[in-house]
Amino acid sequence: MKKMTVGFITVLTALIVAVCMHIKHEETRIHNAKIELGKKNACEYMKQKYGIEVEVVKVSVIEEDDIFSSWEGDDVWVTVSENDKEYNVKISGVEENADGLDDYQAEEIEKALIDMIKADMPTDFEYHFSTDTMRKSRYKAGSKSSLAEMLDGRDILDIYCVNTDLEELPVFEFLRRNITDCTFYSFSSQEILDDFMKEEYYDIEYYAPFIINYRVLKFRERDNECREYNLKNYGELLYYVPHEKVDGEMKKGFYEIPESEIDWIDSEYEIVSKAYGIDEKTSRILVWFPIPEDKKDKDFYLAYSYYHEYDKKTVRKTEKCHIVGNYAVKTLYSPIADMKIAFLSK
């Protein structure tokens with residue numbers, strides 16, 4: 001009886017292994033078939049749409065997912081090359097067709113958009129343009145309606161200029177209707193703009209003291225005036241509450257505190273200016289400290305302390321500031337009433 005049981009388990013185990021191997025083999029076969037058909041479809045698609053011959057660089061099957069799992073979908077992502085440039089095609093890997101999406105004309109479309117703005121802008125400008133759009137239609141060079149069709153709602157454009165009047169320009173109407181998110185910023189100097197453009201990760205609000213005005217262009221939001229950052233000051237301190245229009249103005253805000261209330265700061269740091277307290281809760285706040293002339297070669301930090309209501313403990317941190325022009329700036333997230341801050345150098 002025992003031998004029969006062992007034999008049955010052995011046979012069952014072998015059967016399970018064989019089934020698993022068969023499933024794995026079938027998954028691999030289907031995967032490889034998608035890859036091969038995707039390559040063929042992508043090449044035919046580019047030939048029919050643009051009349052060009054391309055070479056396949058790499059292929060991957062696009063995964064689908066939901067809350068619980070992920071699996072291979074029917075479409076493939078094919079990177080192709082033509083004249084030493086690479087492009088992407090999204091197309092079916094399970095049925096033979098030439099119905100896909102691509103980014104082959106991305107540079108041409110971006111140039112057409114920027115040239116349209118240049119024709120109306122009174123000054124030179126820099127810009128950031130980003131899109132995740134893969135396009136089904138083909139852009140017809142020089143056609144405004146074709147350009148509008150290409151910009152189908154997933155595009156973000158920021159324009160940066162210097163001392164520029166951002167009153168109504170003819171191009172604004174086109175941008176309002178065809179760009180999901182478009183903002184023009186006028187900086188106070190080319191030096192500050194150049195500094196901003198060097199940033200790999202940029203937070204435009206850090207530069208608020210040096211932005212004369214800005215203009216947001218969104219469809220249905222027909223703003224007819226330039227906006228300014230609502231900067232305020234308490235003594236030498238500048239501050240900005242981004243969501244003040246929604247949450248309401250700070251009724252209390254800052255107050256001066258003696259240095260003895262922040263005596264936990266390490267001796268390696270030097271307190272540069274007065275220390276402050278914040279006695280009102282607000283979701284997020286930016287603070288700028290002017291940098292003294294005799295300390296421009298230093299690194300600057302913001303020390304802050306507050307009592308965490310949920311963890312029932314005092315939180316104390318010292319974090320490096322970002323330098324913008326003659327200011328050191330830091331964002332405070334979810335400040336709590338009675339927060340204490342100090343501007344430090346090292």
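Trainee: What should I know before I start?
Mentor: Residues are numbered from 1 along each chain as its sequence is written, and side-chain values use heavy atoms, leaving out hydrogens and water. Because the model is predicted, local features need pLDDT of at least 70 and side-chain atom pairs count only at pLDDT 80 or more, while totals for chains, interfaces and linings use all residues.

Trainee: Which residues touch the most other members of the largest nonpolar core?
Mentor: A nonpolar core is a set of buried Ala, Val, Leu, Ile, Met, Phe, Trp, Tyr and Cys residues joined through side-chain atoms within 4.5 Å; buried means under 20% relative accessible area with a 1.4 Å probe, protein chains only. Here the largest core has 28 residues, and Ile117, Leu157, Leu175 and Phe184 touch the most other members.

Trainee: Which element gives the most to this core?
Mentor: Helices (H or I, at least four residues) and strands (E, at least two) are DSSP runs, numbered from the N terminus. Helix H2 gives the most, with 6 residues.

Trainee: In what order do the strands of the open sheet lie?
Mentor: Strands of a sheet pair through backbone hydrogen bonds, either parallel or antiparallel. Two strands count as paired if DSSP finds at least two bridges between them. In this model, 4 strands form an open sheet in the order E5-E6-E7-E8, with mixed pairing. E5 (126-131) and E8 (211-217) are at the edges with a single partner strand each, so one side of each has no neighbour in the sheet.

Trainee: How many bridges join E5 to E6?
Mentor: There are 6, and these strands run antiparallel. Tyr127, for instance, has Ile159 in E6 as its bridge partner.

Notes:
Buried means under 20% relative accessible area, exposed over 50%, partly exposed in between (1.4 Å probe, protein chains only).
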